[in-house]
Amino acid sequence: MRQKKKACGYEGQDAMLFNSIEFLLFFPIVVVIYFAIPQKLKQLWLLLASYYFYMCWNAKYAILILLSTAITYASGLLMEGIKQKKYDAQKEKKLKNWVVVLSFASNLSILFYFKYINFALSTLGGMLHFAHIELNVPTFDIILPVGISFYTFQALSYTMDVYRDEVYAEKNFIRYALFVSFFPQLVAGPIERSKNLLRELAAPKKFNYDAFIEGALLMLWGYFLKIVIAERIAAFVDKVYGDYYTYDGVYLIVATALFAIQIYCDFAGYSTIAMGAAKILGVQLMENFDAPYLATSVAEFWRRWHISLTSWFKDYLYIPMGGSRKGKARKYLNKIIVFLVSGLWHGAQFSYIAWGGINGLYQVVGEMLQPVRDKLVNRLGLNRNSLAHKMVCMAGTFLLVDFSWIFFRADRFMDALHIIKSILSVHNVWILFDGSLFKCGLDEGNFRLMLLSIFILFLADLCKKKRIEIRKAIMQQDQWARCLILSCSVVLLLVFGKYGPGYDAAKFIYFQF
């Protein structure tokens, strides 16, 4: 994606993107060597490959991953050692608390410096200026390390899991370092849990033909989402949002609706490619998306969207703050705080915080109004299980979520407000019928192909929600049928994907977080 919006000066043009020629050469080499070398060298090979993958972006910042790895690895061993000392329960808890505090403080301090220092200083400067206090606030020229939010949260979850006695401290540094840096999900998730990924990495796998085919199918679907759908939509959305004074009103409505699909295809595309690549290597990663736009409420949407991050905040922030155990008022406050933090996690801008706050309010207001909605449904005699009722709920949920995406996509908070004002005040409905939409970065042929691709996505998600497993059905076919499906999929990607000479392979949106 070619957004102007950046969390902290991130530049990732040299990163080994999944949709780059470099990765398409790198990955087969990794796979062939991985299955060719002795069992005892497999973890080391994957670790070296993972660090090489990351260092293709910026070699010196690999030190940050190593530092985070060393701190959290040591914290796990320290807590294990404290437990073995047989202290009384109070002293043991106190000592382990100190280890957790030091682990979190050191890791979050690194994250704060690289991602939030300029935002914090500029906010402080603005507050002082408002109070008529003039202060020359410095600005640091910082390049945001790609994926720092993802691997930091993954490493910290290990610290908490050891603290809670949910996993044993990992003694093997190579295996633990691989857990933090495993290249398929290193820079944009899913954010894996130690009890899953450490177990998956514990016993390196032998080559499995079925796993290879299933992984390849996952990767091809991920590439379809990214280079066929997301990249086409990006051309339209970037054009309209990049000049929202010219492309006003209904242009912005269409662009905002399409951005909701773009960010889904972009991020789900990355996660699916990551799952497929890991599957080929014999590693099972968690599902990160589950047909989110077929949700019938915002609460359900967040159970289906970016599942690894949503569950991370639930387990390591919402529940420790008290969750729903301390009354309704505290529960609502906890939800708002979690979503505000989630917005800040995505980027050091007020527009991201607003996006998080809006989604938090949706959940709180939705829960508060639930009794009123129940009475209304009963009084009107509506059938909650009817297709019509579900479709209305889906449409309403999409509209609410899509409104919040305006703040996520706009370059700045004030830009988002201007865009909302334009949507509400300009009524140029005729552009839907006079061909004007074909002049916004996509010609008519590509626009229609985009719509067809979105329809295919809708059908795939509908099957997923109905628990119809297309991939499982393909895997049940004979070898020739599976090879034919794979071959045809590759050809379709080559024909309809956006790539080639003169094409700037776009970053995955979540690389900047």
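Mentor: Let's begin with Thr 123, which counts as partly exposed because its relative accessibility is 22%. The scale behind that word calls a residue buried under 20% relative accessible area, exposed over 50%, and partly exposed in between, using a 1.4 Å probe and protein chains only. Thr 123 is found in helix H4, residues 89-130. Helices here are DSSP runs of H or I with at least four residues, strands are runs of E with at least two, and both are numbered from the N terminus. Along the chain, Thr 123 and Phe 350 are 227 residues apart, yet 9.7 Å separates their C-alpha atoms.

Before going on, keep in mind that this is a predicted model, where local features need pLDDT of at least 70 and side-chain atom pairs count only at pLDDT 80 or more, while totals for chains, interfaces and linings use all residues. Residues are numbered from 1 along each chain as its sequence is written, and side-chain values use heavy atoms, with hydrogens and water left out.

Now compare another helix residue, Ile 420, which lies in H16 (residues 413-425). Ile 420 counts as buried because its relative accessibility is 14%. Leaving aside neighbours within four places in sequence, Ile 420 is in contact (heavy atoms within 4.5 Å) with Phe 403, Ile 406 and Phe 407. Its C-alpha atom is 8.7 Å from that of Leu 252, a residue 168 positions away along the chain.

Two loop residues are also worth a visit. Ala 291 sits in the loop between H9 and helix H10 (298-304), and its phi is near 45 degrees, a positive value in a residue other than glycine. Ala 291 counts as buried, since its relative accessibility is 0%. Arg 467 has a positive phi too, near 60 degrees, and lies in the loop between helix H17 (444-465) and helix H18 (470-475). Arg 467, however, is exposed because its relative accessible area is 56%.

Helix H6 (residues 173-181) is mostly covered, with 7 of its 9 residues buried; among them are Tyr 176, Leu 178 and Phe 179. The cover over those buried residues includes helix H2 (42-55), helix H3 (62-84), helix H5 (148-163) and helix H7 (194-202). Helix H14 (residues 370-380) is hardly covered, with 1 buried residue among its 11. Just after H14 comes Gly 381, whose phi is positive at about 70 degrees.

What about the interior? The largest nonpolar core holds 149 residues, and those touching the most other members are Phe 23, Tyr 54, Phe 182, Phe 236, Tyr 293 and Trp 405. The largest share of this core comes from helix H9 (residues 250-280), with 21 residues. Such a core is a set of buried Ala, Val, Leu, Ile, Met, Phe, Trp, Tyr and Cys residues joined through side-chain atoms within 4.5 Å. Beyond its neighbours within four places in sequence, Phe 23 is in contact with residues including Met 16, Pro 28, Phe 183 and Tyr 223.

Finally, step back to the whole protein. There are 19 helices and 0 strands, and 53% of the 513 residues count as buried. Of the contacts with a separation of 6 or more, 78% come from residues 24 or more positions apart. The C-alpha atoms fill a box of roughly 75 × 70 × 55 Å, taken along the principal axes.
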